[in-house]
Amino acid sequence: MHATIYHNPRCGTSRNTLALLTDAGADVTVIEYLKHPPTVAELSRLYARAGISPRDGLRLTEPDAKALADSDADDATILETMTINPIIIQRPLVETDKGVVLARPPETVRTIL
């Protein structure tokens, strides 16, 4: 099985999710999204597959994300802002052939293995 994780190595939840994927024997592609932010199209596709809105994908512990969530910004504005300032993207996003999850908590990833 192949999995792609949008990962921040400084995040414990992201590291734990990566460990779960590795322990499950997945062939994992790691994308450090802070260094290589996803495009608007890629984020839109991921959120659609996960069944969540871009607003649901905001990392609300970040002040810029909280301000955006509290605004009347539309999905296009949120997605564009995420690509410019990727720290506001909630992590980790994981994709397999079975779907996409925002792996919070990390064990959520088991639903797509």
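**Before you start**

The model is predicted, so local features need pLDDT of at least 70 and side-chain atom pairs count only at pLDDT 80 or more, while totals for chains, interfaces and linings use all residues. Residues are numbered from 1 along each chain as its sequence is written, and side-chain values use heavy atoms, with hydrogens and water left out.

**Stop 1: the whole chain**

Show the chain as a cartoon. You will find 4 helices and 4 strands; helices (H or I, at least four residues) and strands (E, at least two) are DSSP runs, numbered from the N terminus. Along the sequence they follow the pattern β-α-β-α-α-α-β-β. The radius of gyration is 13 Å, close to the 13 Å that the globule rule gives for 113 residues, so the chain is as compact as a globular protein of that length. That radius is taken over C-alpha atoms, and the globule rule is 2.2 Å times the number of residues to the power 0.38. Along the principal axes, the C-alpha atoms fill a box of roughly 40 × 25 × 20 Å.

Now colour by accessibility if your viewer can. Of the 113 residues, 42% are buried. Buried means under 20% relative accessible area, exposed means over 50%, and partly exposed lies in between (1.4 Å probe, protein chains only). Contact means heavy atoms within 4.5 Å. Among contacts between residues at least 6 apart in sequence, 63% join residues at least 24 apart.

**Stop 2: helix 1**

Select residues 12–23, which form helix 1. Its 12 residues should span 16 Å at 1.5 Å a residue, and the end C-alpha atoms are 16 Å apart, which agrees. The expected span is 1.5 Å times one less than the number of residues.

Which residues of helix 1 are buried? Highlight T13, S14, T17, L20 and L21 to see them. An α-helix has 3.6 residues a turn, so residues three or four places apart point the same way. What covers the buried residues includes strand 1 (2–7), strand 2 (27–32) and strand 3.

Just after helix 1, click on G25, which takes a positive phi of about 85 degrees.

**Stop 3: T4 in strand 1**

Select T4, which has its place in strand 1. At 12% relative accessibility, T4 counts as buried. What does T4 touch, leaving aside its neighbours within four places in sequence? Its contacts are T29, I31, L93, V94 and E95. The side chain of T4 also makes a polar contact with the side chain of H2 at 3.4 Å. A polar contact is a pair of N or O atoms within 3.5 Å; within protein, one must be able to donate a hydrogen and the other to accept it, and residues adjacent in sequence count only if both atoms are side-chain atoms.

**Stop 4: the salt bridges**

The structure holds 5 salt bridges. A salt bridge is a side-chain nitrogen of Lys or Arg within 4 Å of a carboxyl oxygen of Asp or Glu.

Go to E95, which counts as buried at 12% relative accessibility. E95 forms a salt bridge with R45, with the closest N and O atoms 2.6 Å apart. This pair links distant parts of the chain: E95 is in strand 3 (residues 93–96) and R45 in helix 2 (residues 40–50), 50 residues apart. Next, show R49, whose side chain meets that of E95 in a salt bridge (2.6 Å, N to O). R49 is in helix 2, so this pair ties together parts that are 46 residues apart in sequence. Salt bridges that share partners join E42, R45, R49 and E95 into one network.

For another pair, select K35 and E32, where the closest N and O atoms are 3.4 Å apart. K35 is exposed at 61% relative accessibility, whereas E32 is partly exposed at 27%.

**Stop 5: two cis prolines**

Most residues other than glycine have a negative phi, and most peptide bonds are trans. Now zoom in on the bond from R91 to P92, which is cis, with omega near -10 degrees. P92 is found in the loop between helix 4 (75–84) and strand 3. Finish at R104 and P105, also joined by a cis peptide bond, with omega about 5 degrees. P105 lies in the segment after strand 4 (99–102).
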